[in-house]
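Dear colleague,

I am handing over the structure we spoke about, and it is shown just below. After it you will find my notes on what came out of the analysis, arranged by region.

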Amino acid sequence: MNADGRTRLHQTPEWTALAKHREELADTRLRELFAADPGRGTGYTLKVGDLYIDYSKHLVTDDTLRLLRELAAATDVFGLRDAMFRGEKINVTEDRAVLHTALRAPRDAVIEVDGENVVPQVHAVLDRMAGFADRVRSGEWTGYTGKRIRNVINVGIGGSDLGPAMAYEVLRGFTDRDLTVRFVSNVDGADLHEATRDLDPAETLFIIASKTFTTIETITNATSARQWLLAALGVHDAQSHAVLPYSHYLSKFTAYLQQLDMESNGKYVARDGKRVDWQTGPVVWGTPGTNGQHAYYQLIHQGTKLIPADFIGFAEPVAELSGELKAQHDLLMANFFAQTQALAFGKTAEEVRAEGVPEELVPHKTFQGDRPTTTILARALTPSVLGQLIALYEHKVFVQGAVWNIDSFDQWGVELGKVLAKRVEPALTEGADVPGLDASTKALVAQYRELRGRS
């Protein structure tokens, strides 16, 4: 117990037991675990929906799983999970329910918030969205001049940009190829300029995405987009975790997960307002497939940091591919499977010497292995599978936040930057003497104004 009578997470018996277990496994090699258990390759797997998940290449035993379950029970992960699915207000600092699960709930599900089932409302909105999208694609819904919509620009930032952009890239094979789709998030005017410079305003639809419609970047870009239309038409926003999808269409998926994970769990304050004494919120990063192999896989294989990695792959290429392009999929997946084996088992000095490698090069070509990976394999990348992947990672973030005793559903750190930006802007545009700016920021503002010819 601490002086305030509370037990800290890292002082609980469950956490202590898990830490002791980790020390006991310190010298254990993945090679040893696989050699001792011929069924490990299939025993440490599970099937969730269409996803086959293999976690056998982690330093994990039956005791590890038992201790993790005990920690989850002790931190009330299961209770919080059930409360979330019931629609209770587990976002304590904003006194709000957490309803991303309602977006995927079937029509006959019941999720009550303040005594009202919100599922019918959710499906009513989803139906309206689908109907509107169908009218745009069919040409029934037109712009002000009556011209058919041929360009769609999403204006948003954070999850309101990364989510739609990720979904569009992933599901490009399911899209209407006659539509040009672009995304604007940066308040830098160049972002909107590049998105619109070659488009006909009469054929362009802007979608403004925001949770509160108070986000300054989104509102600023939306206002500028409106002005662009008016001007043209004359009338009317470990510490590191790699996610490595082996699919070109998932190029924005990791960026989406960065926002989901790091904005949710990047916090040092517990739900009770006290500062945590344990690590939270890993840095999430990665890019698709073999591109990454020629960029940063060297660090994962032989660097000084331990970087857990998720590998996401599919048995079938996208349906649009044919001929040689379709045949290349086997080569892509050969790399996929080879990398997880190499990261898990490495290459011993003896194995390197047996290949006749000169002794001075042996240390350079030896790989320690024991780099943990999770393999997620599905038959094909479909809308349903994308939804399952998003749900999987959303729930992972929720469970980690519950274990760490932090509120995963507010973003006060983001709000601080917004407030400061509003304060700084008059100094940039008008040269106003803004109180509260430090000496460095004042000097930078002055330099900026000089470079803009405003001083």
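To begin with a single residue of this predicted model, V119 is buried, its relative accessible area being 0%, which places it below the 20% cut-off used for that word. V119 belongs to helix α6, which covers residues 119–138. Leaving aside residues up to four places away in sequence, the contacts of V119 are with A105, P106, R107, A109, V110 and I111. R104, for its part, is 15 residues from V119 in sequence, and the C-alpha atoms of the two are 9.3 Å apart in space.

Next come the sheets, beginning with the one of six strands. It is an open sheet in which the order is β1-β2-β11-β10-β8-β9, and the pairing is mixed. Its edge strands are β1 (45–48) and β9 (283–285), each of which pairs on one side only. From one strand to the next, the twist averages 15°. Helix α10, made of residues 253–265, packs on this sheet and touches β8 (240–245), β9 and β10 (309–314), while its direction makes about 165° with that of β9.

As for the individual pairings, strands of a sheet pair through backbone hydrogen bonds, in either a parallel or an antiparallel manner. Strand β1 and strand β2 (residues 51–54) are antiparallel and are paired over four bridges, with V48 standing opposite L51 of β2. Strands β2 and β11 also run antiparallel and are joined by three bridges, and here Y52 stands opposite L377 of β11. Strands β10 and β11, by contrast, run parallel and are joined by six bridges; in that pairing A309 has T373 of β11 as its bridge partner.

How much of strand β11 is buried? Of the six residues of β11 (residues 373–378), five are buried, so this strand is largely enclosed by the rest of the structure.

A further open sheet consists of three strands in the order β6-β5-β7, with parallel pairing. Strands β6 (180–184) and β7 (204–208) are at its edges and have a single partner strand each, so that one side of each is left without a neighbour in the sheet. The twist in this sheet averages 20° from one strand to the next. Strand β5 (residues 151–155) pairs with β7 in the parallel sense over five bridges, and I153 stands opposite F206 in β7. Helix α8, residues 189–196, packs on the sheet and touches β5, β6 and β7, its direction making about 175° with that of β6.

Finally, there is a point about the surface. I208, F213 and I219 make a nonpolar surface patch of about 230 Å². One of these residues, I219, lies in helix α9 (residues 216–233).

With best regards

Terms used: Residues numbered from 1 in each chain as written. Predicted model: local features only at pLDDT ≥ 70, side-chain atom pairs only at ≥ 80, totals over all residues. Heavy atoms only, no water. Patch = residues over 30% accessible without salt bridge, like charges linked within 9 Å, V, L, I, M, F, W, Y side chains within 5 Å. Areas by Shrake-Rupley, 256 points an atom, 1.4 Å probe, with all protein chains shown as cover. Salt bridge = Lys/Arg side-chain N within 4 Å of Asp/Glu carboxyl O. Helix = DSSP H or I, 4+ residues; strand = E, 2+ residues; numbered from the N terminus. Pairing = 2+ DSSP bridges. Axes fitted to C-alpha atoms, helices over the stretch in contact; angles between N-to-C directions. Contact = heavy atoms within 4.5 Å. Buried < 20%, exposed > 50% of the residue type's maximum accessible area, 1.4 Å probe, protein only.
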